[in-house]
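Please look over the sequence and the model first.

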Amino acid sequence: MEDKEIILVDDSEDTLEILELFVESEYDQDIIKCSSGNEAIKYMSENKDKVGIVVSDYNMPDGMGSDLFQYIENEKLPIPFILLCGESVEHMASKPEFTPLKNRKTTTIISKPFKKDDLLKSIDENLSNAKSFFLDTGETPKQESAPIEHSRFNYSKMSINKFFKYSPEGVDVFIKLSNKKFVKIIESGDAKCSEVKDTIEKYARKGITHVFLLKEDYKKFMESISGTLSKMLEEIKDESKLVNAQVESVSTIHDALRELGVSQEVKEMTDKVYKSCLKVLKKSPNISLLLDKIMQNQNYIYELSMINSYLSVATAKETDWASENTYEKLALASIMLDLSLADEKHAKIMHLKDPQYELFTEEEQTLIKEHPYESVKLLDQVEQFSSDIKNIILEHHELPNGDGYPRKLGATKITPLSAIMIISQYFGNGILIDGKTPSNMQKLKAEIAENFSRANFKRPFAAFVKAFVKS
Ligand SMILES: [Fe+2]
């Protein structure tokens, strides 16, 4: 079944394209696209033995998703079925045409909008459940299924740089050969530290940038890093080292949230980074010197997070309306703005008219366009992140002239809190890309004065200027 075709069904060509991009990023088997339920039924009636799984939209003019489901049911085909619908899962499951799905382990309803991982996980689960489904229903698959290999959901990804930095001991280490094939390159307890290092270096020389640990090992490892970093944030006195620990903590928070979801450690570490940032600002209000210290870390996403944090809080301090609560919102939002982006080349796209944006694939462009929404989604279960914080994240790529994304809000619709973040980010990105030279700083300040000083940006702009005059 693993090698059989994946059938995608949707009447919207754009949606079919996106589904195909999602699925082909993880699966090696052939993908068949059908633009209606009837087209899929026709294809399946002629190619029953070839089909491994069906992913279908519900509402289509020429044959609904329910028609397709009933065809599979009536024909007693041992084929997992995933239904994508605009309504709630409960509502859809209560429809009479879906009554048989209660007895099926190989049917899932997914409500739109959904995340790429939700769909991929569901495909994995359905394929894994397929065998027991056949046993439960007394049916026999027409062809014996290949053994299910580990999917990437069994593993957590770790950059080779991070692996070297923390050298986790006693863990199995894997590399990814293909979307569903992983090979163990280090057996826990089997190798000495130096051998582990040599082995990983050998793969790094071949261009491999990440290794994979089993989820359980990764979780333990992250807990240990969190503990070490939290202690550092509390105890380090040297300011440069402390700022480095803050940048490293942001990187760890992002990794942990993306790979494992929300945990107590992540919540605590986020709080500690914010408090540590406020402590540094109180002691050393010279923004320019702080920026120098942050910019030594050589990582765009996490440096930008900390630059935004310092600049936005320092700016808010110069307004007559911000409070401690405002500082906290800005600092926490800064840490999480680009949480859903792992690759700095995507995070560097400040607006969609950037010529670099056109060079990305359609999937990458979607990732960039959607990242404010995706970052907010990842934070949905964290109480600490209020609606104001989520709003700053949603608006961090909007622009006063209405050319920003994702919602093209203009200077009168963007909130003053978001305006502070947008100005800070414009400046932060500018110095990270072109350096913190006096001429570039002047140029950025002039651009900010010209483009970011009207309507809701007026007071944030004045405060930003004041924060810099102090430095
Ligand atoms: Fe961003």
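The model is predicted, with local features needing pLDDT of at least 70 and side-chain atom pairs counting only at pLDDT 80 or more, while totals for chains, interfaces and linings use all residues. Residues are numbered from 1 along each chain as its sequence is written.

The secondary structure comes to 20 helices and 9 strands, taken as DSSP runs (H or I of at least four residues for helices, E of at least two for strands) and numbered from the N terminus. The protein is as compact as a globular protein of 471 residues, because its radius of gyration of 25 Å is close to the 23 Å of the globule rule; the radius is taken over C-alpha atoms, and the rule is 2.2 Å times the number of residues to the power 0.38.

The axes of helix 8 and helix 10 come within 10 Å and cross at roughly 20°, where axes are lines fitted to C-alpha atoms over the stretch in contact and angles run from 0 to 180 degrees between N-to-C directions. Helix 8 is therefore roughly parallel to helix 10, a term for angles under 35 degrees.

The residues that meet, with C-beta atoms, placed from the backbone, within 7 Å, are set out below.

| Helix | Residue range | Residues in the contact |
|---|---|---|
| Helix 8 | residues 215-235 | Glu223, Ser226, Leu229, Ser230, Leu233, Glu234 |
| Helix 10 | residues 264-283 | Glu265, Glu268, Met269, Lys272, Val273, Ser276 |

Conventions:
Angles under 35 degrees count as roughly parallel, over 145 as roughly antiparallel, 65 to 115 as roughly perpendicular and the rest as oblique. Two residues are in contact if their C-beta atoms, placed from the backbone, lie within 7 Å.
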